[in-house]
Amino acid sequence: MVTVIYPQKQAGPGMAMHDISKKAAKIAEDYKDVTIGIFGSHSGKEVGMSAKAWGFRTVIVVQKGREKLYTKYNRWLYDEVIVLDRFKDMLNEEVQERLRELNTVFIPNRSFAVYVGYDGIENEFEVPIYGNRFLLRAEERNYEKGQYYLLKKAGVRIPKEFSSPEEIDRLVVVKVQQAKNPLERAFFYAVSPEDYYRQAEELLKAGVINEEGLKNARIEEYVLGARFNANFHSYALKDAFGDFDFVGFSDRRQVNLQGFLNLPAKDQLKINVPVKNEEIGHFGITMRESKQQMVYETAENFIRACEAEYPPGIIGLFGLQGAVAYSPEDETKLEFVVFDVSMRVPGDPAIGPTSPEMRNLSLKHGVKIEDPLDLSMMEIKKAIEDGRLSEIVT
C-alpha cells in the first residue's frame, strides 16, 4: 500500500495520435501481469469492485480534497493510491512512470476525459488504456466528428436540431453547459423564440449558465417518449466473446428536476427556480421483449459506424441514451431515438443489481457476471492469458 503525492509540473510535448497508440500497445506487450488503473471519480467504486472480484491488483488516482470516498470509506478496493494536487497532473512523467511500473491498464471514464483533457489523453498519456482513447472526444456534441456525426453515419434517428432560437416551432430542450460544473448541463425547455430568450436571460442572471455556454448550446426537439439508457459492451476479442453484449436498461435521477417532478403540477407552477439536470443517481428499468430488437440493432449499427470512423472502434462499455417514441412518418410505429451517447463506462452502479441481463450473460460466458464491468475484466484477463493484451488497448 503506497500513497504518493506528486507536485504540479508541466507535461512534456505530445506525440502523434497514431504513435501513442502504437506505443501503448508495445508497453502492454511487455506486461507480465496487470494492475487495473482507476480514476477517482464517476465510476471509481464500480471499477474497483469488479477488478478486485476478478483478482486484479488496483491503483486509483485521486485529487486532494475529494479523495476520502476512496482512501477512507472504500480503501480495501485499492492496492495503491496516487494522490495528486489536481487530476491533470496525471500527465506528469513521474505519475505515468509509476503507472507503467505497476503494469497498469487504465479504465477511462467521463471524469477522466473532462479533467485530464482530450489533448493530453490523445497525445501525452503514455499508459495503455482499455478501450479507444480517441473516441472519448467524440462524446462532445459540438465536435465535428462527434456523437451526432456517428449516429447519423449509423442511420440512427436523433432529435431534430434547430440552428437558432428563431427556428423554434415546437417544444424543444436547450442543452447548455453549466457555468460552474464542466460535467453537467443545465437543460431548459422552450416552445417559441420568445420563451427561449426569456428563460435564457433568467439563467444568465442566476449564474447557472454563461454567454459562452449559451452560444454553444444545442437546441433540439423534445422527444415525447419513454426514456431508456441502453447499455452495452463491445469486444475487441470478438472471436472469443462475440461482437457485443447488451447489459441492461436504466434511467437517471437528476437534481433539481427530481424535486420538481415530485410535486403536483399546480405546485410546480408556483416555483420560479431554474431547473438543473445534474445527475445524482440512477434506477434500473426494463423494456418489453417485442421492442428490444430495435435497440440491439441500433447498437450494432453504431458499433459499425465507430469502427469505420475511429478504428478499431468501440472497446468496452458504452451507453445509448434515448427514448422510445412514435415515428413521425408512421404514428403506429415505435422507434428508439438516441439523444446522447456515453463513449465509455456509463457510471451507473444500478445496472448490475437491477438488470436481468446479468443472469443471461452468466449463462452465455459460463462465468458469474454480476456487473457490466465484469465483462471488461473478463476480456482483459482473457487477453493476458492468450498474449493479446496489445489488441484491447490504445
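The following dialogue explains how to read several features of this predicted model.

Colleague: Which domains does the assignment give?

Modeller: Domain bounds come from an automatic or database domain assignment. For this protein the assignment gives domain 1 (16–135), domain 2 (147–157 + 225–389) and domain 3 (161–221). The C-alpha centres of domain 1 and domain 2 lie 23 Å apart.

Colleague: How many residues are in contact between domain 1 and domain 2, and what area is buried there?

Modeller: The size of an interface is often given as the accessible area lost when the parts come together. Buried area here is the accessible area (1.4 Å probe) that two parts lose on being put together, summed over both. Between domain 1 and domain 2 it is about 2200 Å², and carbon and sulfur atoms give 72% of it. In domain 1, Trp54, Tyr130 and Leu135 lose the most area to domain 2, together 37% of what that side buries. As for contacts (heavy atoms within 4.5 Å), 22 residues of domain 1 touch 31 residues of domain 2 in this sense.

Colleague: Which residues of helix H4 are buried, and why do they line one face?

Modeller: An α-helix has 3.6 residues a turn, so residues three or four places apart point the same way. Helices (H or I, at least four residues) and strands (E, at least two) are DSSP runs, numbered from the N terminus. Buried means under 20% relative accessible area, exposed over 50%, and partly exposed in between (1.4 Å probe, protein chains only). In H4 (residues 93–101), Val95, Gln96, Leu99 and Arg100 are buried. Seen down the axis of H4, these buried residues fall within an arc of 135 degrees, so they line one face of the helix; the arc is that of the directions from the helix axis to the C-beta atoms.

Colleague: What covers the buried residues of helix H2?

Modeller: In H2 (residues 44–53) the buried residues are Gly44, Glu46, Val47, Gly48, Ser50 and Ala51. Their cover includes E2, strand E3 (57–63), helix H3 (68–71) and helix H16 (372–385). Gly55, with a positive phi near 85 degrees, follows H2.

Colleague: Which residues other than glycine have a positive phi, and where is a cis peptide bond?

Modeller: Most residues other than glycine have a negative phi, and most peptide bonds are trans. His42, which is not a glycine, has a positive phi of about 70 degrees; His42 lies in the loop between E2 and H2 and counts as partly exposed at 31% relative accessibility. Asn103 has a positive phi near 60 degrees. Asn103 is placed in the loop between H4 and strand E5 (104–106) and is buried, at 14% relative accessibility. A cis peptide bond, with omega about 10 degrees, joins Pro311 and Pro312.

Colleague: Where is Pro312, and what is it in contact with?

Modeller: Pro312 is in the loop between helix H13 (289–309) and strand E13 (316–326), and at 47% relative accessibility counts as partly exposed. Leaving aside neighbours within four places in sequence, Pro312 is in contact with Asn132, Glu307 and Thr394. Pro312 and Ile392 are 80 residues apart in sequence and 9.2 Å apart in space, C-alpha to C-alpha.

Colleague: How many aromatic pairs are there?

Modeller: Rings of Phe, Tyr and Trp (its six-membered ring) pair if their centres lie within 6.5 Å; planes under 30 degrees apart count as stacked, over 60 as edge-to-face and the rest as tilted. By this rule there are 19 aromatic pairs. Among them, Phe39 and Phe112 are edge-to-face, 5.7 Å centre to centre with 65 degrees between the planes. This pair links distant parts of the chain, with Phe39 in strand E2 (residues 35–39) and Phe112 in helix H5 (residues 110–116), 73 residues apart. Phe39 is buried, with a relative accessible area of 0%, and Phe112 is buried at 0% relative accessibility.

Colleague: Which residues form an aromatic cluster?

Modeller: One aromatic cluster is formed by Phe228, Phe232, Phe244, Phe246, Phe249, Tyr296, Phe302 and Phe318.

How values were computed:
Residues numbered from 1 in each chain as written. Predicted model: local features only at pLDDT ≥ 70, side-chain atom pairs only at ≥ 80, totals over all residues. Heavy atoms only, no water.
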